[in-house]
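Q: Hi! Could you walk me through the ligand site in this one?
A: Happy to, let's open it up.

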Amino acid sequence: MKPINVGLLGIGTVGGGTFTVLQRNAEEIARRAGRSIRITVVADKDTARAKELTHDTCRITDDAFSVVSDPEVDIVIELIGGYGVAKELVLKAIANGKHVVTANKALLATHGNEIFAAAQAKGVMIGFEAAVAGGIPIIKAVREGLSANRIEWIAGIINGTTNFILSEMRDKGLSFDAVLKEAQRLGYAEADPTFDIEGVDAAHKITILSALAFGVPMQFDKAYIEGITKLAATDIKYAEQLGYRIKLLGITKRTTAGIELRVHPTLIPAKRLIANVEGAMNAVVVQGDAVGATLYYGKGAGAEPTASAVIADLVDVTRMHTADPEHRVPHLAFQPDRLADLPILPIEEVQTSFYLRLRVQDEPGVLADIMRVLADEKISIDAVIQKEPGEGEDEADLILLTHRVREKHINAAIAKLEKLTIVVGMVTRIRMEELGK
Ligand code: HSE
């Protein structure tokens, strides 16, 4: 059978990896796909570098629009990123009847509904395994492997940069700023790491997983996003003493009131497998009603791990492109006319337990005053640790772990606590998740 022709938009790290792996494993991949998969054209601004990487095996252009209109191209791989020109190119490729494979989580989380509707109308496939957790086949697992289940929640370490930073902060007791500088020096963090450290990248990814898990449209604009920039090494240390680790988690959960969709630093029990995922690695736990908890672990970024996901999508498209569109796996796991309109809960309505750290005057009655404020807001306490004041100090750290409480109640309690004269400065609060059943 004649090869399927692929046009590659962007030959940076992932594009280069895709090219290399497709060449190296061409024979195995063709045995799986049923025919050869051949990159026939590459579009990149840096045509010289593109030529060097592809060793004259395909055509090189700096005009990406010519690729999405090329009648010879069956599948377009979009690895440009962002939602400017990438969106135009993807929509143009779809309009021209081409299947699209993309690693672009920002594009799908913010414009996925429009893109999937266009693809559906045109009868083409959009593969996006590489958009979430790099090489981990989490899209395939949630969309197909777990399709018997009513999915209850998903929690994931889905940003390697921040997991690397948190691991280093814990290991070395360093501040966020110090570790970020080191991560940038080593090339782990981007020169502009804003999307990573502010939780935006993880929010793009959990938005996609939420849509797949619950059969709802992408709703990135309703996600609650809090990054790790304000996290203090002190809290990582205290959490450790209490048997917890702090991870930046993307969480999506089904509740009777609606869907939770949030990214924030989270205390999780150190005994959970996911708490022990260190460095730049990614991991995702999916809780289904039939299967229970399943855990997926691997590299969430990098040339060949991400290429692994891109090529898996190429194989899927190659196998399925002649099938009747109605017989293909729906983009968001559920049939497009059966998506639910469950509301995404505002963060004030979300219930979690909390870690609170207060700096308090070291005098009798302090604990009683604090407990009274919490009791007035109907907040129960699970554990209290009072640290001894340092040598010559008359203030001490007080750590409280609460039972589950609606966020608006903890906010009200914290506002009252901060007004007490015995409480010095602001109260630090970090959400906790047991990640049990
Ligand atoms: N910047 C991402 C991370 C990788 O640090 O995990 C690509 O999604």
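Q: How far is the side chain of Thr 161 from an oxygen atom of the ligand?
A: An N or O atom in the Thr 161 side chain is 2.6 Å from a ligand oxygen. Keep in mind that this is a predicted model, where local features need pLDDT of at least 70 and side-chain atom pairs count only at pLDDT 80 or more, while totals for chains, interfaces and linings use all residues. Residues are numbered from 1 along each chain as its sequence is written, and side-chain values use heavy atoms, with hydrogens and water left out.

Q: How much of the ligand's accessible area does the protein cover?
A: The protein covers 81% of the 260 Å² that the ligand has on its own (Shrake-Rupley method, 1.4 Å probe).

Q: Back to Thr 161: buried or exposed?
A: Thr 161 is buried, at 13% relative accessible area (buried is under 20%, exposed over 50%, partly exposed in between, with a 1.4 Å probe and protein chains only).

Q: What does Thr 161 touch, beyond its neighbours within four places in sequence?
A: Thr 161 is in contact with Tyr 188, Ala 189 and Asp 196, contact being heavy atoms within 4.5 Å.

Q: Where is Thr 161 placed?
A: Thr 161 belongs to helix α8, residues 160-172 (helices are DSSP runs of H or I, at least four residues, numbered from the N terminus). Both α8 and α11 (200-214) supply at least two residues each to the shell around the ligand.

Key: A polar contact is a pair of N or O atoms within 3.5 Å; within protein, one must be able to donate a hydrogen and the other to accept it, and residues adjacent in sequence count only if both atoms are side-chain atoms.
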